[in-house]
Amino acid sequence: MVTDHPETFHNQGPTTVNRMADLTMPLTPAAGLFTANEAKVTARDVTVHYGEKQALFGVSIDIPERSVTAFIGPSGCGKSTFLRCINRMNDTIPICRVAGEIRIDGADIYDRRLDPVLLRARVGMVFQKPNPFPKSIYENVAYGPRIHGTTTSRQELDEVVETSLRKAGLWDEVKDRLDQPGTGLSGGQQQRLCIARAIAVGPEVILMDEPCSALDPIATARIEELIFELARNFTIVIVTHSMQQAARVSQQTAFFHLGHLVEYGATEQIFTAPSDTRTQDYITGRFG
Amino acid sequence: MTDAALDPGAVRAIDLASDASRARLRRRYRAEARFRAYGIAALAVAGLFLVLLVGDIVIKGLPAFTESRVTLTVTPQLSQVSTDGTTGADALRGGDYAAPLRASLQELFPEVTSRQDRRRLFFEILSGGAGDDLRRRIMADPGLIGRPVTVSALLDDSADMYLKGRLTGRVERTGRGTLAISGATGDVTLDSPGAFRDTLATIKKALRDEAAAIEAAAGRVAQRLEALPVGDPRRATAQAGVDADRSRAAALRARAAAPEAPEVLGTDTPSELVAVNGGIVKLTSIGPSQAQGRVLVPLGTAGTVSEGAWRTITLLQPEGSRRLTDQHIAWLEDMRAEGLVTRHFATRFFTSGDSREPELAGLLGGLVGSLLTMFVTLVLCLPTGVAAAIYLEEFAPKNRITDLIEVNINNLAAVPSIVFGLLGLAVFLNFFGLPRSAPLVGGLVLALLVLPTIIIASRAALKAVPPSIREAALGVGASHQQAVFHHVLPMAMPGILTGTIIGMAHALGETAPLLLIGMVAFIVDTPQSVTQAATALPVQIYLWSDLPEPAFQAKTAGAIIVLLVFLFVMNGLAVVLRRKFERRW
Amino acid sequence: MIALYFVLMAIVAVAAFTVGAARGRRLQAAGLRLHSLPAYHGLFLAALCTVPMMVAIAAWAPLAPRYVESSAIAALPEAARPTTGLERDARLREIVLSAEGRLTGPAAANVEAAGRAYLSAQTTSKTVLIIAGILAALAAFSWGLPRVSADFRARNRFETFTLVVLIACSAVAVLTTLGIVSSVLFETLRFFQRYPWWDFLFGLQWSPQTAIRADQVGASGSFGAVPLFVGTSLIMVIAMLVAGPIGLFSAIYMSEYATPRFRSLAKPLLEVLAGIPTVVFGFFAALTVAPFIRRAGEALGLSVASESALAAGLVMGVMIIPFVSSLSDDVINAVPQSLRDGSYAMGSTKAETIKRVILPAALPGIVSAFMLAISRAVGETMIVVMAAGLAGNLTFNPLEAVTTVTVQIKTLLTGDQEFDSAKTLSAFALGFVLFFFTLTLNVIALRIVRKYREQYD
C-alpha cells in the first residue's frame, strides 16, 4: 500500500545518489562496533533539512537490539531530529526533508512502498512531555490495539492492557481506576501511561525523547528503572539532556554536536575515555 | 518487576505479513480516504451553494440594469403639452406628454381602434413614465413644440421583460416550404404542405404528457380511496372525480393517437405566431398542412410566399398564464422587426427613487438612506468603540467590573439583531420620541449593533502593539495617556480601521432591526437629512422581493448585485489595508 | 435647530480651547514655569464648557417630545381630545402632517390650530434648549477661566476627564444590555398583566389578531406561543442538520488535511459566504429554493407548502456553515500538537487520529460552537421572514409552513400599531423569550470555550 501522505518528502533526487554511494562507501568509525547484539537499526549517511536549514549531516550509526542506546549532546544538536527519523515522525512536518538510509532489520524504512503507519506500529515513541489522550486510562492503553486490530475480543484487550500497564510498572497504582481520565494522573504516572500505551502495540523498538525532562527526581528514577527492565525485550533509543541518566541506563552512547554524530561507543568508554575533544569538553561541562 | 508479565511473548507484535493484517490495513486506508472525501464534499457543497446563489442572482438581476425603449417620431402639440396654452414652466410641467407618443403609436398601428386594444397599446406597451424624457426636452427647449421630434420612449415592464426573453420561452423558426395565405386581415387560412407537422407532433406529445399526469394524480386519489371505509359518503364523490379524470385522460389520449387530426390552440396551450409579409398571424387551429389563424398585425398582402420568407414564433407559456396577451406580443414583435426597439443601460435604476411601476423604480432612495444611516453609525460607533477598547485594554484595572464589561461585550456580539430593533423601538422611538423611519434612529441602532465588533477588533489591534513602544514612551517621561494616544493608538489604527470596515459592511447588510424602527415604508423621495423618513438598501431589497411583478424580481436581484458589490469593495478594502499595514514587530 | 446646537457646541469648544491656550501662553511668556503645557489648559476649558451642554441636550431629548405633544393635544377643543392611546396616536399623526403641510385634503380647523400649537411648542422647546446650553457653557467658562494659572494641573484634570469619557464609552455596552433588558422586560410584564404567562408559554394556539372594536369577530387574540417555539425549533433543527456536518467536516479538512495553498483558496470562500447579508439568503430561499423544493416534492407526489420549513431551514443552514466551521476550526487548532504526535507515533492514520483523539479532545469546544450556531439560527430574522410562513401551525412536518418567533416579532411590530395593545406587547414578550434563550446559550457556550482554552494553554 502506497501511502499518500502529502508531507512525505523522502525519496527525492538526492536520495537515489546517496543509495548508490552507500554500496561503495566505507563504514564510518561509528558503525559496526558491536557484535554482542545484532544491529536492529542501521542508519547510513542520514541528512535532514528543515526548509533551507540543514539539521543533520550524514549520520551513520548501528543500534544493537535489546539494549539501551542514549543520544546526548547540547540543545539543537540534532539528536531529537534523528530520533524522529527512526519512526518517520518527521513526515508530519511539511518542510522537513530526509535523505539517506535507515534500515530496521535490514528493511529500508524510507522505502516508498513502506507504510509509515505500520512502521510506527513497530517503532513506538514516548515524548518529552507526557501526552496522554483525554480519555480513560484503559482507553489510552487500548487505543493502539484497537486501531491496529491486534485483539479480537474484549477479554484479549483486557489482557493486553493489563500486561502493558504491568510492564510499565503502573498496574498496581491504577488497577482500581482504569476508567478515570489519564490526564488526572501525576506527571510520572502519565509518562508511564504513555510508555504502557507504546508497549501495548507490541513494538520492537521504543524511541524516547527526553522522557524524564518534565518529571521530578523520584518519578525519573522510576522511569529509569523501567527503561532498564524494558531493554530485556525491546530495543530502546533514548534522547537525554542528562549525562548521568545516559550513564545510568544506557549500554551505548552517541554524542551529537551541531548536526554531526561526533562519537559513538560503549557508554563506559564514552564517559571515561572519549576519543574526541568535543565529547570530552561536553562531558566535563565546558559547554552544553 | 520480574513477574511473568515480562515474558516477551505476552504483548504480541503485529504480524505485518498475514492476509488478515493486509486486509485490515486496506480497510483502514479506505476509511481514511472516505473521511477525507467527506471533508472535500463538505467544502464542495458550501462552494456549490455559493456558486448557485451568486449565479442565480446574477442571472435574475442582469435585466435590471438595462431597459427597453421604442423609437418614435412625435409631433408634440401645444394643446397636449401645456395646461393653459402658454409655454410657461408651470404650464409645461403639467402637460400630457404621453399624448403625442400615443398619437405616434396609433400611426404605427392604424388598425387598432377598439377601446380594449387602444388601452392595451397605449398603457400596457408604453410605460406610465414614457413621457418624462419628452417633458424634460421640451421644458429645456419649448421650440420643439409643433416640430417632429425623435424620442426613445420607455416601455412597460412586462413588454421589457418579454423583449429580454424573461416572460415566456420563445422559439423562432424559419418557415419550411411555401405558404399560401387567404387574406391580409381578419380570420385567414394558411396552407403549407407538411410545414406544421412538427408543431402538431409537439402538441400531440403535450397532450399525451398531460394525460399521463392526470392519470397519475387520479391513481393516487384512487389509492387513498381504498383506505376509506366502505359506505363512507366521501368514497362515492371521490370515485366520481377519479372516473371523470380518467375519462378526460382517455379523451386526451385519443386525440393524441390521431397524428393527422387538427388541434385547436387555446389559451391553455403554447401560442403559435406566424410572421409573414410584414404582419403577424396567430394560429387558432393547426393540422399537418393547413392552419386557421387570426391576423394580429395586418399583412402587406395576401397570397403565396416562398420558402424562407416567413417564420414561426412559438410562445411556450400559454397565453392564459402570462401577463401579456398574444396581441401585445405581436405588436412588440412587429416593432422589433422594424428595428424600433432598442436596449439601453438603465441609468434610471441608480438615479430615481422607488416607484410602483417596476420600470421606473430605482435605488437612489435606498442608496442615500443607507449612506446617511452608515454615516450616523460610523460617527457614533467608531469613537465610542475605540474609546472603550482603549480603556479596557490600557487603563482598566483587572477587577470584577471590567470582567463584567468584557463578558457583556462578548455576549452582546451574539444577541440577535432583531432584539436591537426592539431596543430601538422601545427606547429611541417611544422613550426619546425620535422620528420613525429616520436614518438617525437606524444609525443609532446599527451603531449599538456593531459596537461589540469594533471594540473586539480594536482591542486586538491595541494588543498587537508591542509593550516596548509603550515602555519607550513612558521612559522619556510621557504620561500613560500620552503614551497611549501619541504612540500606541496610531500604530493600532490600521487594525482598528480594518475592524471598523468589516463592522460597517456587516451593518450595511443588516435588515431586521431597520424593519422594526419603521424604515420599511414606501418612500418615493430621496431623503435629504438624517431625520427624514427613509429606507435603506437591504430594506429596499426586502420590499421589492415581496412584490409580484417579475420585473420587480429582477430589480430585487439587481439591487442585491449592487449591495454585494458594495460589500465586496468594503471587504476588499479591509483586506488591502490589512496587507499594507501588516507589521511584524 | 438641533444641528445648530451641535454647531454651537463645536464653536464653544474651539473658543474655550483658544482662550485657555492663549492664557497659558501668556503666563508662559510672562516667564512663569507652567505645570502643564498651554494646550492642556485649552483642552481643560473646552471639556469643561462642552460637558454641561451635553448634559443639557441629554436631559432635553426625552422631555421635549412629551411637552410638544401635550401642548398640541391641549390646543384641541375639549370635545376633540382623544380618550384612548390609539386615538391619541392617530390624532397626533394628523396634527404633525397638518403642521408640516403634508396633509392630503383639507384639515379640520381645530387640527390646523393644533398644528400651529405643535410648531410653536417645538420652537419654544428648542429655543429653551439653546439658551440653557449657552448659559451652562458660560457658567462653566467663567468658573474655569480663573483657574488657569501656572501651577494649575490642567493635564491631570484633562486626563481624568479623558479617563471618565473612556469609561463612559465602555459603559455604553453595558447600558445597551440594560436597555435591551429593561425595554423587553417592562413591556413583557405589561403583557403578562393582560394575558396569563402560562397561557403564553404553554398555549397551543397562536392568533394574535385582536379586534380594534369590541363588536368585531374574533375579538380576543390568542397568544399561545408553543406553535412558534415548535416552528423555530423545526427550522433550527433543519439548519443544524445542514450546517453541523458540513461546517464540522469543512473545519476538519481545513485544519488537518488541506495544504496551505488549498486553505488560502477555501477560507475566503467561507468568508464570502459569511459576509452575504441575510436578506440575500432570504431572497434566494423564497424565490429559488422554495419553488424548487415544491416542484421536487410534487414530482415525488408529496404536497409541499410554498413556504415550507425545509426551504428556510436549508438556506439558514448554509448561512451558518461558516459560523460553525470557523469556530470549530479554532477549537481544533487549539488541540495541542503533542496529542497528534502521540497518536501518529502509535501508527494511527490521520482519520483515526482525528476521530479518536482530536475530536474527543475538542468536543467541549465543538459543542459550544454548535450552541452559538443554534443561537444564531434561532435569532435569524430575514430568511424566515421572507421564506417561512405567518400562520402558527403546530406541526413537525418540514414540508409544511411554520412560523417562528422572529417572524412574529417583525409582523406584529411593522405597520401602524397601537403601542399599548396586547398584540404589540406580545411581540416584546417574544423578544424577551428570544433574548434570554440566546443569552443563556451564549453565556454557557462562551464559558465552555473559556474553560476549554484554559485547559490547553
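## The sheet in chain A

How many bridges join strand E4 of chain A to E5(A)? There are two, and these strands run antiparallel, with E4 spanning residues 96–104. Before going further, keep in mind that everything here comes from a predicted model. One spot to look for is A:Ile104, which sits opposite A:Ala107 in E5(A).

As background, strands of a sheet pair through backbone hydrogen bonds, either parallel or antiparallel.

A:Asp105 lies in the loop between E4 and E5 of chain A, while A:Arg122 belongs to helix H3 (residues 116–122) of chain A, so the pair ties together parts that are 17 residues apart in sequence. If you search the whole structure, you get 50 salt bridges over all chains.

## Where chains B and C meet

Now for the contact between chain B and chain C. It takes 76 residues from chain B and 80 residues from chain C. Between them, the two chains bury about 6,800 Å², with 75% of that on carbon and sulfur atoms. Three residues supply 11% of the area that chain B buries against chain C, more than any other three: B:Phe35, B:Leu43 and B:Phe49.

What about charges and polar groups? The count between chain B and chain C is one salt bridge. B:Arg28 makes a salt bridge with C:Glu352, where the closest N and O atoms are 2.8 Å apart. Polar contacts between chain B and chain C come to 16 residue pairs, counting those with both residues at pLDDT 80 or more. On the side of chain B that touches chain C, helix H1 (residues 19–61) of chain B gives the most, with 21 residues. Sorted by class, that side of chain B has 52 nonpolar, 16 polar and eight charged residues.

## How B and C divide into domains

Chain B is assigned four stretches: domain 1 (25–61), domain 2 (64–162), domain 3 (170–322) and domain 4 (358–581). If you take the C-alpha centres of domain 1 and domain 3 of chain B, they lie 44 Å apart.

For chain C, the assignment gives domain 1 (2–184) and domain 2 (222–456). The centres of domain 1 and domain 2 of chain C, taken over C-alpha atoms, are separated by 44 Å.

How values were computed. Residues numbered from 1 in each chain as written. Chains lettered and ligands numbered in written order. Predicted model: local features only at pLDDT ≥ 70, side-chain atom pairs only at ≥ 80, totals over all residues. Heavy atoms only, no water. Pairing = 2+ DSSP bridges. Helix = DSSP H or I, 4+ residues; strand = E, 2+ residues; numbered from the N terminus. Contact = heavy atoms within 4.5 Å. Buried area = accessible area lost by both parts, 1.4 Å probe. Salt bridge = Lys/Arg side-chain N within 4 Å of Asp/Glu carboxyl O. Polar contact = N/O pair within 3.5 Å; in protein donor to acceptor, adjacent residues only side chain to side chain. Nonpolar A, V, L, I, M, F, W, Y, C, P; charged D, E, K, R; others polar. Domains from an automatic or database assignment.
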